[in-house]
Amino acid sequence: MVRALKHSRWRHGLFALPALSFLAVFFFYPFLEVLRFSTWRWSGLKPPEPVGLKNYAELFSDPLFWQSVKATFLFAAWVLPSFLVLSILIAFLIEGQGYERVVKGALFLPGLVTVGAASTAWYTLLAPEYGALAAFLPIPAWDQEPFWAMAMVVAFTLWRYLGYGVLVVSAHLKSIPAELVEAARVDGASPLEVTRYVVLPLLRPAVLFLLVVGSVLALQSYVAVFLLTRGGPYGATRVLGYFVYELGFENFRLGYAAAVTVVLLGLTLLVALAQGKLLEER
Amino acid sequence: MRHALVFLIVLAVLLPFFWMAYAAFLPPEIVYSGDVLSGFGFTLENLKKLAPEGFWPRLWFSLLVSGSVALLQVGTALLAAYALWNGVPLWGVFLFTLAIPVELLLVPLFGVLHQMHLLDTPWALVLPFAASPFTVLLVYQAMRALPYSLVEAARLDGAGEGGILFRVVAPLVFPNLVAAGVLAFAAHWNLVLYPRVTVGERYWTLQVWIADLARRYPADWGLLSAAALLSTLPLLLLYLLFERRIVETFEGSVKG
């Protein structure tokens with residue numbers, strides 16, 4: 001019996017083989033190789049030459065790198081709170097309404113729709129001076145002012161992922177037992193008090209989950225930067241992910257870009273570890 | 001008050017879509033007049049201008065590539081999810097890969113594809129995406145919602161494991177497979193930077209092509225909107241067809 005069981009373990013393991021082999025070749029292997037690449041001076045055109053840890057030494061004294069780290073944290077500091085507050089607010093607003101499902105479907109749409117197309121629509125709508133909205137709304141010059149450039153990238157990112165946040169909060173809202181809310185009401189709590197002292201504390205797991213998803217998202221979402229601001233003006237929106245792209249494929253410094261990737265991966269793994277810890281608590 | 005707020009939010013979220021659909025049919029004179037609200041007009045000229053720019057072959061190519069990726073991902077995920085459901089202890093491996101998006105591995109993937117001589121081939125667009133931990137997660141969650149006794153009963157009837165998976169389990173999770181497939185398709189369809197660096201112009205996907213079009217004709221909004229609208233249509237149709245399943249599959253994965 002034990003032998004039969006073991007045998008079946010193996011046989012079932014075979015089913016995971018295709019997925020595992022693809023991940024091994026195109027995920028784990030590059031994941032390890034990046035450590036090696038990060039010790040190279042490499043343009044991608046000529047053969048690489050090993051330079052040891054020079055890339056890292058250069059990295060830590062590179063003002064552009066530190067500016068990029070700052071931009072990444074600034075971006076996260078904008079995105080995370082607004083993502084959480086808006087997700088919770090909208091989930092509350094639509095809870096139990098007849099249009100709940102339609103609204104969720106509509107909010108989810110931007111996340112699925114082509115980024116290239118979406119950014120084109122955003123650009124033509126919101127371009128300062130020429131944009132379609134500029135005719136009757138004061139559109140700040142987000143192509144020149146660092147603050148508004150960041151605001152634009154943040155708004156675009158929120159626009160794309162808000163539907164997901166609302167889904168998460170809403171799913172957790174539905175799992176709160178109605179009796180709990182009723183009991184609080186019977187005890188004389190006002191709707192605001194019920195929200196504050198009963199519902200919100202019970203949403204903690206959802207908030208934690210979104211916090212983690214949001215921070216991983218903040219570390220990796222640089223496509224919006226590429227499409228809307230190209231890191232500008234003056235590097236104000238050059239988040240780490242975009243910094244890597246720019247170094248590697250516009251300045252052709254792949255070895256150096258690999259070193260930045262290693263730092264970025266380290267950060268992401270830290271966040272993911274925190275994720276494990278936080279999610280265990282629930 | 002509450003309804004008005006919700007209405008405003010939804011309007012703001014959908015505005016870019018309405019604008020895209022409107023501007024795609026706007027005559028160039030109105031666009032170039034500098035005031036798009038100066039007049040109304042309807043023209044198919046923008047759509048016609050797409051053909052000489054090479055829009056249609058790009059569209060078919062992108063459909064083919066993203067479609068193959070979606071099929072591969074659902075296939076590998078169905079198999080892997082069945083292994084997980086039968087207690088093969090690989091969950092940690094998939095969770096780990098889930099935390100790190102492919103776009104973060106842009107530089108090392110470029111290097112690895114270079115070593116394998118896959119750069120600048122269509123394979124570079126397909127093979128690295130043939131397995132996705134996220135798709136595995138979605139299919140696995142769907143399987144876990146089924147009673148395991150189904151599998152045991154089929155085993156007692158003498159069915160092989162492959163037969164159980166394809167004839168018993170797969171039909172039951174089919175709606176979730178479709179939803180996972182649509183999400184996989186959308187994720188791949190939306191890649192911009194990855195195809196841009198791993199393949200040359202010849203194999204650019206529609207998204208890269210549009211980003212490039214926007215660089216070449218920054219002021220021709222009619223043309224850009226037409227390209228944007230048509231490139232969004234395949235996803236829009238898929239989404240409208242399977243909206244309920246997609247949202248439910250997503251919710252299922254969130255409840256976990």
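1. Two residues are in contact if their C-beta atoms, placed from the backbone, lie within 7 Å. On that basis, of the contacts in chain A between residues at least 6 apart in sequence, 68% join residues at least 24 apart, and for chain B the corresponding share, again among contacts between residues at least 6 apart, is 77%.

2. A word on the basis of this note: the model is predicted, so that local features need pLDDT of at least 70 and side-chain atom pairs count only at pLDDT 80 or more, whereas totals for chains, interfaces and linings use all residues. Residues are numbered from 1 along each chain as its sequence is written, and chains are lettered from A and ligands numbered from 1 in the order in which they are written.

3. Chain A has 12 helices and two strands, where helices (H or I, at least four residues) and strands (E, at least two) are DSSP runs numbered from the N terminus. Its elements run α-β-β-α-α-α-α-α-α-α-α-α-α-α from the N terminus on. The radius of gyration of chain A, at 23 Å, is well over the 19 Å that the globule rule gives for 282 residues, so chain A is more spread out than a compact globule; the radius is taken over C-alpha atoms, and the rule is 2.2 Å times the number of residues to the power 0.38. The box filled by the C-alpha atoms of chain A, taken along the principal axes, is roughly 75 × 75 × 35 Å.

4. The domain assignment of chain A gives domain 1 (36–69 + 240–256) and domain 2 (78–221), with bounds that come from an automatic or database assignment. The centres of these two domains of chain A, taken over C-alpha atoms, are separated by 36 Å.

5. Chain B has 14 helices and zero strands, and its C-alpha trace spans about 75 × 55 × 30 Å along its principal axes. Buried residues make up 46% of the 256 residues in chain B and 40% of the 282 residues in chain A; a residue is buried if 20 or more other C-beta atoms lie within 10 Å of its own, exposed if 12 or fewer, and partly exposed in between.

6. Within chain B, helix α13 (residues 206–216) is mostly covered, since eight of its 11 residues are buried, among them Trp209(B), Ile210(B) and Leu213(B).

7. Also in chain B, the axes of helix α5 (residues 91–98) and helix α8 (residues 133–144) come within 8 Å and cross at roughly 130°, which makes α5(B) oblique to α8(B). The axes are lines fitted to C-alpha atoms over the stretch in contact, and the angles run from 0 to 180 degrees between N-to-C directions; under 35 degrees counts as roughly parallel, over 145 as roughly antiparallel, 65 to 115 as roughly perpendicular and the rest as oblique. Phe94(B), Thr97(B) and Leu98(B) in α5(B) meet Pro133(B), Phe134(B), Val136(B) and Leu137(B) in α8(B).

8. How many residues does each chain bring to the contact? Chain B brings 66 residues and chain A brings 65 residues. The helices of chain B that each supply at least two residues of the side touching chain A include α1 (2–23), α4 (55–85) and α14 (221–255), and α14(B) gives the most to that side, with 14 residues.

9. Tyr29(A), found in helix α1 (residues 2–37) of chain A, is partly exposed, with 16 other C-beta atoms within 10 Å. Leaving aside its neighbours within four places in sequence, Tyr29(A) is in contact with Ala24(A) and Val112(B).
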